[in-house]
Amino acid sequence: MKQEDFLSKSFITELELKGISRRDFLKYCAATATLFGLSDAVFTSKLAEAMENASQKPAVIWLEGQDCAGCTISFLGVTYPPVSSIILDKISLRYRETAMASSGYMSEHVLQETIKKGGYVLIVEGSVPSADKRYCMIGGRPFVEILDEAAKNAGAIIAVGACATYGGIPGAAPTKGIGLNKALPGKTVVNIPTCPAHPDHMTGTILYFLTTGKLPELDDIGRPKMYFRDTIHDNCRRRAHFDAGEFLTDWNDPKQRDWCMFQKGCKGPLTTSDCPVRRWNNGINFCIDCGAPCMGCAEPGFYGQMTPLYTAESEISKKIYAMREAGHFRKINT
């Protein structure tokens, strides 16, 4: 059976109303199926079925702890709606503090009713204060209590952003923020780090859960392997300069414009993410290509262990240098 046979006329009409052709949708399915390790036909049928039976989809609760709402901004700021945006239109987003119309008692009632029913996807943005739970209060209640309550009946728990995954910037602050890996011991948590979280990583993980009914394969620190498999260094266009020992030292020297930024604090050799391939802002750019070193925001050591960010003085930078001297980084021309 062909992929097209899985698409009903009403479904195709809905795609077209969103400005997405059937051809573009099938191309999206083919690319995503490869990423998920499924056949085109299986993935297309499951996706079409999931999207046409929206009422059967689990609800989504999105909580925010110690955060700057950067992941929410990243998620909502996608200007060109991908096919996955249709999926998000179909999801029943019951509670999201910075992006919901209701407020006060009405929104809290919806939250409590959704928690009672169970089976929802719980998304958490922001860290949990470990120094004193009063550092993060929401509606007169400690955030950690709301989190524990919401996590009990969740069908899947997804931590988005560096703060929610491993503590992030609040982890280096007096609040001693921690990620869900420590705040919810014993719970399986899908970690989607980077600061902010990439919208593709978020939608792709939700999509995987909805179409397969299970979580994606995770690495040893809870990140989806389909996004966090290779290091920034592996796919960096400045990699050859690293191998050649050509390191940028003077921002104003035109000859050094494309040289490796290791001496400017780049943590790319020990940071795992697909940023150089997936890129940001609808595939336009990413940190290194716009002249900034990788800050290692996909790793548990961000932010505290990665500072200072713009010089090679951190313990991580020293480790990278020692590994390079010992020949641990394979040269790309060998």
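Student: Where does Met295 lie?

Tutor: Met295 lies in the loop between helix 12 and helix 13. Before we go on, note that this is a predicted model, where local features need pLDDT of at least 70, side-chain atom pairs count only at pLDDT 80 or more, and totals for chains, interfaces and linings use all residues. Residues are numbered from 1 along each chain as its sequence is written, and side-chain values use heavy atoms, with hydrogens and water left out. Helices (H or I, at least four residues) and strands (E, at least two) are DSSP runs, numbered from the N terminus.

Back to Met295. With a relative accessible area of 24%, Met295 is partly exposed; buried means under 20%, exposed means over 50%, and partly exposed is in between (1.4 Å probe, protein chains only). Leaving aside residues up to four places away in sequence, Met295 touches Lys267, Phe302, Met306, Leu309 and Tyr310, where contact means heavy atoms within 4.5 Å. Pro308 is 13 residues from Met295 in sequence, and their C-alpha atoms are 9.4 Å apart in space.

Now for the rings. A search of the whole structure turns up six aromatic pairs. Here rings of Phe, Tyr and Trp (its six-membered ring) pair if their centres lie within 6.5 Å; planes under 30 degrees apart count as stacked, over 60 as edge-to-face and the rest as tilted. Take Phe242 and Phe329: their ring centres are 5.5 Å apart and their planes are at 90 degrees, so this pair is edge-to-face. It links distant parts of the chain, 87 residues apart, with Phe242 in helix 11 (residues 239–244) and Phe329 in the segment after helix 13 (315–325). Phe242 counts as buried at 2% relative accessibility, and Phe329 is buried too, at 14%. Next come Phe247 and Phe262, whose ring centres are 5.7 Å apart with planes at 55 degrees, so they make a tilted pair. Phe247 and Phe262 are 15 residues apart, each in the loop between helix 11 and helix 12 (275–278), and both are buried. Ring pairs link Phe242, Phe247, Phe262, Tyr321 and Phe329 into a cluster. Phe242 also has a charge over its ring: the charged end of Arg324 sits 5.4 Å from the ring centre. That label applies if NZ of Lys or CZ of Arg is within 6 Å of the ring centre and within 35 degrees of the ring normal.

Six of the six residues of strand 1 (residues 59–64) are buried, so the strand is largely enclosed by the rest of the structure. Strand 1 runs parallel to strand 2 (residues 92–96), joined by four bridges; two strands pair if DSSP finds at least two bridges between them. Ile61 has Tyr95 as its bridge partner in strand 2. Strand 3 (residues 121–125) is also parallel to strand 1, with five bridges joining them, and there Val121 stands opposite Val60.
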